[in-house]
Amino acid sequence: MQISFVAPSNVTAREGGAWVVGAAEGSALLPGAVRLDKASGGAIARALKVSRFSGKVGQILEVVAPAGMAVSRLILAGLGKPELMDEKGLETLGAQFVARLHTVGESSARIEVDVPKGAKVEKGEMAAHLAFGAKLKSYTFDKYRTRNLDEYEKKLKRLRIVTPEVAAAKKVHAGLAAVAEGIFLARDLVNEPPNVLYPAEFSRRARAQLTKLGVKVEILGDAEMKKQGFGALLGVGQGSERESQLVVMQWNGGKKSVKPIALVGKGVCFDSGGLSIKVGVGMQGMKGDMAGAAAVTGTMLALATRKAKVNAVGVIGLVENMPDGTSFRPDDVLTSLSGQTIEVLNTDAEGRLVLADALTYTQRRFKPKAVIDLATLTGAIVATLGYEHAGVFSNDDQIVSRIQAAGRYTGERVWQLPLDPFYDKMIRSKIADMKNIGGANSGAITAAQFLLRFIEKDTVWAHLDIAGVAWQDGEQKVTIPSWGTGWGVRLLNRLMKEHYEA
Ligand code: BES
Ligand code: MN
Ligand code: ZN
């Protein structure tokens, strides 16, 4: 879908396609709606009289094939209460408009939404965030469909957003468009089936997408990791036909002297559970167990695309967890890169093993200002928070409040859960430094406690358990038209922009 911004003087009433204007709740018609009403010989006013439209968010008043006009349909869309309008709300609106246009099969549309009195957003920003929401809704993943393609096609090809502040809109939108590209990459990676996207294919794609943007990408395979002592990560991957990978992505957009922010991702390209094999529906969707790695990769793409003035390093551990004669076993003891030993009591608690080595490697090599890891780590977090919040665990209150604020702004919300020595006791092992599972309860917390054992003194660290938000099996969120959500790219991008960019 092609999106552009045009000044009001550059559009006329004689154009075809759909014409969308906004109406705020509880106030008189905005200038765009008044213009449209005039151009249509009072069609909007007449339609308003015979409907219950009041300008609430989500409400739509539609006049199809208005007499005497080239326009195919007029749409009056509710903006809600002006004082409640914010960036996130505008993105939702943009996505709702596009959803409507997809449903009716329009190929071209113009959106002309004025900023109502009392709204806190600027005109250019408003246009840019509408466009961003529209773009997010235009995502498709239909590469494996071969029949009835017409049914799936999104016909809307051209979207023009009318704004008096074309230059400002374009500027804000350039940054958001970069974020959309990062989200789309993350969604693609999560949606890909595991026979196609195994560790080496993931690392190839990361390198292909990022190198051309100026990101330095290094890939470590089995041999190199074995030499360096990645015993925990390699233990998980050893039952797979596919080679494990560690991908290191460096974007140096900031000052040389500034330590980077590190993003670490769990990349289990398929989690069968290993010898502690998952049963039935529990294994479905486990192609998405690399969503943390996908979010990290997508964020790196967004930062590089918009040339963010920040030093960021992304480190992802890519493995496949499979049952085989060569698999690691329950009862095995693994020696991690940190030197700490881990008694494996359940091969399905594999994500923490992958992260352990990735975290050690990242801290030792980069001495980062802060480390944020993302992982579809536990079913327990889904039982706790469901699908609306990711869990956040941290040793630093400041970074938590920053992440929470970024979450509120972008809509990728997080909820803090505790760390405490009491929970740490639950991962004591009878023979090794720790075991890889806790007890029957508080599974998301004991998993986080496990990770904390690999955080070095003085490292600022936050762990995001994204198992409930990385994909959606039930109802679709309005800006997310696919199974893989791309969760985390928006949040991390916002966090960087607000706090770590020069
Ligand atoms: N990848 C899963 C966690 C998961 C479950 C993500 C459901 C998304 C949806 C993880 O590797 C896992 O299997 N965790 C186990 C841990 C247990 C064995 C201690 C779990 O949550 O059941
Ligand atoms: Mn598992
Ligand atoms: Zn897993």
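**Around the ligand**

I started with ligand 1 and looked up what lies around it: 16 residues surround it, and the closest are Lys 278, Asp 289, Asp 348, Glu 350 and Gly 379. A note to myself before going on: this is a predicted model.

Then I asked myself which pocket ligand 1 sits in. I found ligand 1 in the largest pocket.

**Polar contacts**

I went through the contacts atom by atom. Asp 289, already listed among the closest residues, has a polar side-chain atom 2.8 Å from a nitrogen atom of ligand 1. For Lys 266, I noted a polar side-chain atom 3.2 Å from an oxygen atom of the ligand. Thr 376 uses its backbone instead: an N or O atom there lies 3.3 Å from a nitrogen atom of ligand 1.

How much of ligand 1 does the protein bury? Taken alone, ligand 1 exposes 520 Å², and the protein buries 77% of that.

**Domains**

Last, I stepped back to the whole protein. The domain assignment gives domain 1 as 2–162 and domain 2 as 178–499. I looked up how the two meet, and the contact takes 17 residues from domain 1 and 21 residues from domain 2. Taken over C-alpha atoms, the centres of the two domains are 38 Å apart.

Conventions. Residues numbered from 1 in each chain as written. Chains lettered and ligands numbered in written order. Predicted model: local features only at pLDDT ≥ 70, side-chain atom pairs only at ≥ 80, totals over all residues. Heavy atoms only, no water. Near = heavy atom within 4 Å. Polar contact = N/O pair within 3.5 Å; in protein donor to acceptor, adjacent residues only side chain to side chain. Areas by Shrake-Rupley, 256 points an atom, 1.4 Å probe, with all protein chains shown as cover. 1 Å grid on protein atoms, 1.4 Å probe; cavity = no way out; pocket = protein on both sides within 12 Å on 5 of 7 lines; lining within 4 Å. Sits in = over half its atoms within 2 Å of the grid points. Domains from an automatic or database assignment. Contact = heavy atoms within 4.5 Å.
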